[in-house]
Amino acid sequence: MSNSIAYRNYRIDNNNPQLANKRHLIQNSNTIININDNISYERFAQITQKFFKVNILEIEPTTQEIEKNILEDLNILIDNLVNIFSQEINKGKEVKGRKELVYDYFNYYKINLQEIYHWLLNNQTFSYSIYLLGYFSYHGIGIEINKQDAFKLYQEAAELGDMLAQFELANMYINGNDIDKDYGKAFKLSKKLSEKNFSCGMNMLGYCYRFGVGTSTDLQKAFNLYQKAADLGNIAGMYHLGRCYKNGLGTNVNYEKAFALFQEAANYGISSAQYYLALMYKKGHGTEKDMILATYWYKKSTENKSKKN
C-alpha cells in the first residue's frame, strides 16, 4: 500500500461503538481523512518537528499554548488511526496488512515510530492510547516485541471498554502467545463483542462454536454467526462461511456459494481463501475446472503465506 494513500479513503465513523469512550475531536461523520482535513501534511510536519525536539514535560510556561495545540493534533492523529484499525479489524483483514498500515500512516507524517511510542507511553489518558501502546509492544513497533507488556495493556484498555483491546485479548487467550490459554475468557470476550455488533467478534464467536473453544461445539450457531459477519462485510467471515458451504457445516453443501465466497475473500488477499479457491478450480467444484486459474491461486496463496513469515 502506498504511503500516500494509506489512510485517505477511510471515513470518520462517529457511529462506530469503538469511538464511544473517546473525545470526538472531529464532529463531521462524513469527513474524509486526507491532507486537506484538520491535520494537513504540512502543518503536522511543522508541529511534530517542534514537539519532538523538546521534552514536553520540560516545556516552559510560555510555550503552554504550543503544547496544547500539539497534544490536540496528536490526539486527533491517534484517534484517526484507531478508527481506521476498527474498520480494518471489522473487515476481517489479516494482521500483516494492519501492521503495514501503521508504518505507512506515520511515515506519511514523517513521524519516527520510536518517538510516537514514547508519546504514547507518556499519554495513557484514554483507552485508545493504552490499546495502541499495547499494539506497538505486541508487534515491536518502535520498541522490541514484548507480548507480556502488550497483554497487560490490552487488559487495562479492555477493562475500560475498548473493543479493539477486547478483540486482541481474546486472540491472545485463544492462541496462547506468551500467556496461558484461556478459552473461557476468549469465549466471553467474543460473545460481548458480538452482542455489540462488532463483526470481528461475531466471526470469532463463530470460531468458538465451530471448534468448541470455551463452549460446546454447535455448527448451526457457528454458521449463523459467520453469515452475520459476512453480511456486515467481514472478509474472514466470508472465508469461514465458504468453508461451511463447502463441507456442509451447519448447512447443506453448496459448492456454488462456497466458490463465490472464496472468490470474494481471495480478492481481498486472504491466503487461506486463495488456497481453497485454487482447490475449487482444480476439482471443478462450483465452477468449471481450470488448471491455469488453479495454479494462479495456489501461487498467490503461497506468496501471501511466505510474506507473513
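α10 passes α11 in a left-handed crossing, where left-handed means that the near helix is turned anticlockwise from the far one by less than a right angle, and right-handed means clockwise. The structure is a predicted model, in which local features need pLDDT of at least 70, side-chain atom pairs count only at pLDDT 80 or more, and totals for chains, interfaces and linings use all residues. Residues are numbered from 1 along each chain as its sequence is written, and side-chain values use heavy atoms, with hydrogens and water left out.

**Overall make-up**

The protein chain has 14 helices and 0 strands; helices (H or I, at least four residues) and strands (E, at least two) are DSSP runs, numbered from the N terminus. Of its 309 residues, 47% count as buried. Buried means under 20% relative accessible area, exposed means over 50%, and partly exposed lies in between, with a 1.4 Å probe and protein chains only. Among contacts in the protein chain with a separation of 6 or more, 55% join residues 24 or more positions apart; contact means heavy atoms within 4.5 Å.

Axes are lines fitted to C-alpha atoms, for helices over the stretch in contact, and angles run from 0 to 180 degrees between N-to-C directions.

| Helix pair | Axis geometry |
|---|---|
| α4 (residues 113-121) and α5 | angle of about 135 degrees, axes 9 Å apart |
| α6 (residues 147-159) and α7 (residues 163-175) | cross at roughly 135 degrees, axes come within 8 Å |
| α10 (residues 219-231) and α11 (residues 235-247) | angle of about 140 degrees, axes 8 Å apart |

The angle between α10 and α11 makes α10 oblique to α11. Angles under 35 degrees count as roughly parallel, over 145 as roughly antiparallel, 65 to 115 as roughly perpendicular and the rest as oblique. In this pair, Phe223, Tyr226, Gln227, Ala229 and Ala230 of α10 meet Gly237, Met238, His240, Leu241, Cys244 and Tyr245 of α11. The residues of the contact of α10 with α11 divide into 8 nonpolar, 3 polar and no charged. Here Ala, Val, Leu, Ile, Met, Phe, Trp, Tyr, Cys and Pro count as nonpolar, Asp, Glu, Lys and Arg as charged, and the others, Gly among them, as polar.

Glutamine 227 lies in helix α10 and is partly exposed, with a relative accessible area of 24%. Leaving aside neighbours within four places in sequence, glutamine 227 is in contact with Leu241 and Tyr245. Glutamine 227 and glycine 206 are 21 residues apart in sequence, and their C-alpha atoms are 9.3 Å apart.

The α6 and α7 crossing is left-handed. On the α6 side the contact is made by Lys147, Phe151, Tyr154, Gln155, Ala157 and Ala158, and on the α7 side by Ala165, Gln166, Glu168, Leu169, Met172 and Tyr173. These residues of the contact of α6 with α7 divide into 8 nonpolar, 2 polar and 2 charged.

α4 and α5 are oblique to each other, and their crossing is left-handed. Leu113, Ile116, Tyr117, Leu120 and Leu121 of α4 make the contact with Ser129, Leu132, Leu133, Phe136 and Ser137 of α5. The residues of this contact of α4 with α5 divide into 8 nonpolar, 2 polar and no charged.

**Two serines of α5**

Serine 129 lies in helix α5 (residues 127-139) and is buried, with a relative accessible area of 2%. Apart from neighbours within four places in sequence, serine 129 is in contact with Leu120, Asn123 and Gln124. Serine 137 is also placed in helix α5 and counts as buried at 3% relative accessibility. With neighbours within four places again left aside, serine 137 is in contact with Tyr117, Ile143, Glu144, Ile145, Asn146, Lys147, Asp149, Ala150 and Leu153.

**The nonpolar core**

In soluble globular proteins, nonpolar side chains tend to be buried together. A nonpolar core is a set of buried Ala, Val, Leu, Ile, Met, Phe, Trp, Tyr and Cys residues joined through side-chain atoms within 4.5 Å. The largest such core has 87 residues, of which Ile78, Phe106, Ile116, Tyr131, Tyr135, Phe136 and Tyr154 touch the most other members. The largest share of this core, 9 residues, comes from α7. Tyrosine 135 touches Phe85, Val95, Arg98, Lys99, Val102, Ile141, Tyr154 and Glu168, not counting residues up to four places away in sequence.

**A loop tyrosine**

Tyrosine 268 is found in the loop between α12 (255-267) and α13 (271-283) and counts as partly exposed at 48% relative accessibility. Tyrosine 268 and glutamate 94 are 174 residues apart along the chain, with their C-alpha atoms separated by 9.5 Å.
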